[in-house]
Amino acid sequence: MSLALAKDSIDLGITTQNPDAALAFYRDTVGMEHVGEMTLPGTTVQQLMCGTSMFKLVCHDDAPPASAPPGGPAGATGYRYCTIAVTNLEEVTNRCAEAGYTLAMPVTEFAPGTTISLVEDPDGIWVEFLQRS
């Protein structure tokens, strides 16, 4: 049995202890479109669109007992990074660097015709920006 997808993308939930910093990164620096805020008992979710994928920035009134360590895929198990394919890799990477975000990897040719950069968001999650020629 295979999945019968209703759309060509997935939605991603990121629990954050600093929703203002996360919103500033994903909306203001990266350029995702903020499309709404959902309030549940004890939780606020900021919704941002990245193409047809939705990034959900989840903030609980009572902070979870543990934080994800920084360090991308080598820092811990579980979901540690996401990849966003772009056509303006240099521009988005430079915007992130100029805004003071940590570049885990500057713009680098990863393989012939494939260039990437890795940027750490305010919660230590790595965002890989990928451009193919």
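The model is predicted.

Start with the sheet. Four strands form an open sheet in the order β1-β4-β3-β2, and the pairing is mixed. At its edges stand β1 (12–15) and β2 (33–40). Each has a single partner strand, so one side of each lacks a neighbour in the sheet. From one strand to the next, the twist averages 20°.

Now take one pair inside that order. Strand β3, residues 43–50, runs antiparallel to β4, and eight bridges join the two.

Next comes the helix. α1 packs on the sheet and touches β1, β2, β3 and β4. The direction of α1 makes about 165° with that of β4.

Turn to the core. In soluble globular proteins, nonpolar side chains tend to be buried together. Here the largest nonpolar core holds 21 residues. Which of them touch the most other members? They are Phe25, Tyr26, Phe55 and Phe129. Five elements are listed as giving two or more residues to this core: α1 (19–29), β4 (53–60), β5 (81–85), α2 (89–98) and β8 (126–132). The most comes from α1, which gives four residues.

Leaving aside residues up to four places away in sequence, Phe25 touches Val30, Cys96, Tyr101 and Val119, among others. Its contacts also include Glu120, Asp121, Pro122 and Val127.

Terms used: Residues numbered from 1 in each chain as written. Predicted model: local features only at pLDDT ≥ 70, side-chain atom pairs only at ≥ 80, totals over all residues. Heavy atoms only, no water. Core = buried A, V, L, I, M, F, W, Y, C linked by side-chain atoms within 4.5 Å. Buried < 20%, exposed > 50% of the residue type's maximum accessible area, 1.4 Å probe, protein only. Contact = heavy atoms within 4.5 Å. Pairing = 2+ DSSP bridges. Axes fitted to C-alpha atoms, helices over the stretch in contact; angles between N-to-C directions.
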